[in-house]
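This briefing is meant to be read beside the sequence and the coordinates.

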Amino acid sequence: MSAFVRRLGFGGTLCLALIVTFALLALFAPWLSPYPDQGMGTPNVIAKLKPPAATFWLGTDHLGRDVLSRVIFGARVSMSAGLLIVAFSLLIGLPVGLLAGYFGGWVDEALMRITDVFLAFPALLLAVLLAAALGPGLLNSIVAVAVTWWPWYARMARAEVLVLRGQPYVEAASVMGVSQARIAIRHILPGAARPLLVQAALDVGPALLTASSLSFLGLGVLPPTADWGKMVDEGRKFFPDRWWVAAAPGVAIFLLALAFSVLGDALRNREGGKRRDTT
Amino acid sequence: MTAPLVEVHDLVVRYKSRGLFAAPFKPAVNGVTLSLPAGSTLGLVGESGSGKSSLLRALLRLVPVESGTISLGGEDWLAIDGPALRRARHSIGFVAQNPFLSLSPRLTIAQILAEPLLARGDKPGAEMKDRIALLLSRCGLPANFLPLRASELSGGQAQRVSIARALALSPRLLVLDEPTSALDVSVQAQILNLLLDLKADSGLSMLFVTHNLKVVAHLAEQLMVMRQGSVVEVGATERVMADPAQAYTRELIGFGRRR
C-alpha cells in the first residue's frame, strides 16, 4: 500500500480515493443517499428550497428534493458520461491512429484528413449541434461529445505509432517474418496504448465538464433523472439567494474533474519515470 | 568448394531524396559484389557511413534495392514478396547492435523467444516451452531467465537472448550487425566465443558487420572492407590482416589495435 502511495504521490492517491468514493456513491446510490426516492426525482413540494440543515444536509431544490440525494444520484450519470465519452473516443481514435501510423502512405493521408475535418470545428459547438440533432438523452449526448473527442486520440496514437514503428524491436519482429497485424497488435499497440491511457485519465475531467455543459444547455438527460449539469442549470434561477441548489452539484463537478486531472498527472509522471529507467 | 549460400551482384542501394527538385543522394551501397559460401563467415568492415549497414539492411529486405541482384541458396531473394517473403525470412536470423532496443521492452524473454516460432506457425504449448528453454541454454543462459524482461538483464545476457531468438528457426544465415559494440570488452569476448561455439556446432553461415576489425578477425574466414559504399579490399582474413593492400585497411587495423 505504501509503495502504491509512493508511486502515485500523495495528491494522486488522494484523488484516486476521491474518485473511488464518488464511484461507490454512484454505484450504491439507492442505499447511501438519505432520500433515494427524491434522488430519483419524486417531488416533495412542502419542503422546497430549504437551506442546508440537519434534515437536509445540502438543502432542498425548487421541488423540495434533497440536494444531497440528487447529487449522489447525479454522480451515476455524470461519471458514466465522463468515462463513456473517453472510452468511445479511445475505441475510435486508437484503431484509426494505429492504422494511419502503421501503414502510412495513402491510408495515413485519408484517415488523417477525415480527422482534420472533425478537428476543424469548435468541439463544443459541434457537440451541441450533434446533441440537438440527435435529441436529448444520456446516450445521445455521450455520442455527440465522443464524436468531437476521438480525433485527438487518433492524432496521438498515430504520433506514438510513428515513433515505435522505427524501433529496432519492431524491425526485428518484421525480419523474423512476424505478420503485420501481429506486429501492430503485439509489438506496437502496448507501447502506444500506455501514454494514451494516461491522456484518457486526464480527459475524463474535461469530458465530464463537456457532458455537464450539454445538460446545462438542456441537451443532456431528461428530467427527472438527476444530472449535475442540469442541476446547476435549475439552481441558476435561484442564485445567489438560494445558492446551495446550484453550488452543491457545481462543487461536485469541480471536485471530480479536478480529481481526474490530478490523477492523470500523477500517472503521467510515473510513466515518465518508468521510461527513464528502461532506456 | 561448396556452392555459395549468398551471392550479391553489383548491388546499388540509394535512399530517396525528399522533394521534387532535390538532388538525388549518392548511393549508400555502390555496386557491391560478394559471395558467402555455406558454413563460412564473412566479416564486413568499415567506418560509419561506409555502407555496410545499408548492405545488410538490403539483404534483410528492410530497404529497397535500386539495382543489382541478391540470391540466397540459389533463389532470387529480391523477387520474393508478400506472404512468401514472410516465410522466406525464417531462413535468416538477425542480431542487432543494441539488444535492449531490439528486444520488446514489454514482453518476457519467453514471449520474445516464442515470437519467431509462432510466426512460423508452431502451436504454443509444452513442446514450445521446452524448445525455448533449449534455445536459451544453447546460448548459455539457464531457464530461470524466461520470466524476466529485457530491462532486467545485463547487456551480455540480453545479447545472448537476442542471438537465441535469431537461432530459433534454425536459419541458414545469421546476420549480425555490430553485435558486440554495445558491450564492454570482457562481455564482447564471451559473445564472440558463443558465436564460435555455435559455428563449430551447427556449421552456421554468418555475415558479421562491424567497424572493429579485431573483433571479426577471430570469427571470419573472409574479410571485406568497405568505404563510401564501395568494396576497397576483400580476401582471406589472415591475408588481409597480415598484409593489407589498402592504406584504409591498415588504418582500420590500427584503430582496432589501439582500442
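Which residues does A:Ile142 touch, not counting residues up to four places away in sequence? In this predicted model, A:Ile142 touches A:Ala81, A:Leu84, A:Ile85, A:Phe88 and A:Ala211 once those sequence neighbours are set aside. The points below place that residue in its chain and then turn to other parts of the model.

**Chain A as a whole**

- Chain A has eleven helices and zero strands, and its pattern read along the sequence is accordingly written α-α-α-α-α-α-α-α-α-α-α.
- Along the principal axes, the C-alpha atoms of chain A fill a box of roughly 75 × 50 × 30 Å, and 44% of its 279 residues count as buried.
- Among the contacts in chain A with a separation of 6 or more, 69% are between residues 24 or more positions apart.

- The C-alpha atoms of A:Ile142 and A:Leu27 are separated by 19 Å, the two residues being 115 residues apart along the chain.
- A:Val145, with its neighbours within four places in sequence left aside, is in contact with A:Ile85, A:Ala127, A:Ala207, A:Thr210, A:Ala211 and A:Leu214; A:Ile85 and A:Ala211 are also among the residues that A:Ile142 touches.
- The largest nonpolar core has 143 residues, and those with the most contacts inside it are A:Ile85, A:Val145, B:Leu44, B:Leu55, B:Leu113, B:Ala164 and B:Leu207.
- Helix H4 (residues 67-103) of chain A supplies the largest share of this core, namely 17 residues.

**Helix packing in chain A**

- Helix H9 (residues 180-216) of chain A and helix H10 (residues 228-236) of chain A have axes that come within 7 Å and cross at roughly 45°, and H9(A) is therefore oblique to H10(A).
- H9(A) passes H10(A) in a right-handed crossing, where A:Ala211, A:Ser212, A:Ser213, A:Leu214, A:Ser215 and A:Phe216 of H9(A) make the contact with A:Trp228, A:Gly229, A:Lys230, A:Val232 and A:Asp233 of H10(A).
- By class, the residues of the contact of H9(A) with H10(A) are five nonpolar, four polar and two charged.

**Helix packing in chain B**

- Helix H6 (residues 155-167) of chain B packs with helix H7 (residues 185-202) of chain B at an angle of about 20°, their axes being 10 Å apart; because angles under 35 degrees count as roughly parallel, H6(B) and H7(B) are described in that way.
- The crossing of H6(B) and H7(B) is right-handed, and in it B:Gly155, B:Gly156, B:Gln159, B:Arg160 and B:Ile163 in H6(B) meet B:Val187, B:Gln190, B:Ile191 and B:Leu194 in H7(B).
- The contact of H6(B) with H7(B) is made up of four nonpolar, four polar and one charged residue.

**B:Leu56**

- B:Leu56 belongs to helix H1 (residues 52-59) of chain B and is buried, with 21 other C-beta atoms within 10 Å.
- Leaving aside its neighbours within four places in sequence, B:Leu56 is in contact with B:Val175, B:Asp177, B:Leu207 and B:Val209, and B:Leu207 is one of the residues with the most contacts inside the largest nonpolar core.

**Contact between the chains**

- Chain B brings 19 residues into contact with 15 residues of chain A, and helix H2 (82-88), helix H3 (99-102) and helix H4 (109-120) of chain B each supply at least two residues of the side that touches chain A.
- H4(B) gives the most to that side, with three residues, and by class the side of chain B that touches chain A has nine nonpolar, five polar and five charged residues.

**Backbone points to check**

- Most residues other than glycine have a negative phi, and most peptide bonds are trans.
- A:Phe239 and A:Pro240 are joined by a cis peptide bond with omega about 0°, and A:Pro240 lies in the loop between H10 and helix H11 (244-278) of chain A.
- B:Arg61 has a positive phi, near 60°; it lies in the loop between H1 and strand E4 (67-72) of chain B and is partly exposed, with 19 other C-beta atoms within 10 Å.
- B:Gln228 has a positive phi, near 50°; it lies in the loop between strand E9 (222-227) and strand E10 (230-236) of chain B and is partly exposed, with 15 other C-beta atoms within 10 Å.

Methods
Residues numbered from 1 in each chain as written. Chains lettered and ligands numbered in written order. Predicted model: local features only at pLDDT ≥ 70, side-chain atom pairs only at ≥ 80, totals over all residues. Contact = placed C-beta atoms within 7 Å. Helix = DSSP H or I, 4+ residues; strand = E, 2+ residues; numbered from the N terminus. Nonpolar A, V, L, I, M, F, W, Y, C, P; charged D, E, K, R; others polar. Core = buried A, V, L, I, M, F, W, Y, C linked by C-beta atoms within 7 Å. Buried ≥ 20, exposed ≤ 12 C-beta atoms within 10 Å, placed from the backbone. Axes fitted to C-alpha atoms, helices over the stretch in contact; angles between N-to-C directions. Parallel < 35°, antiparallel > 145°, perpendicular 65-115°, else oblique. Left-handed = near helix turned anticlockwise from the far one by under 90°.
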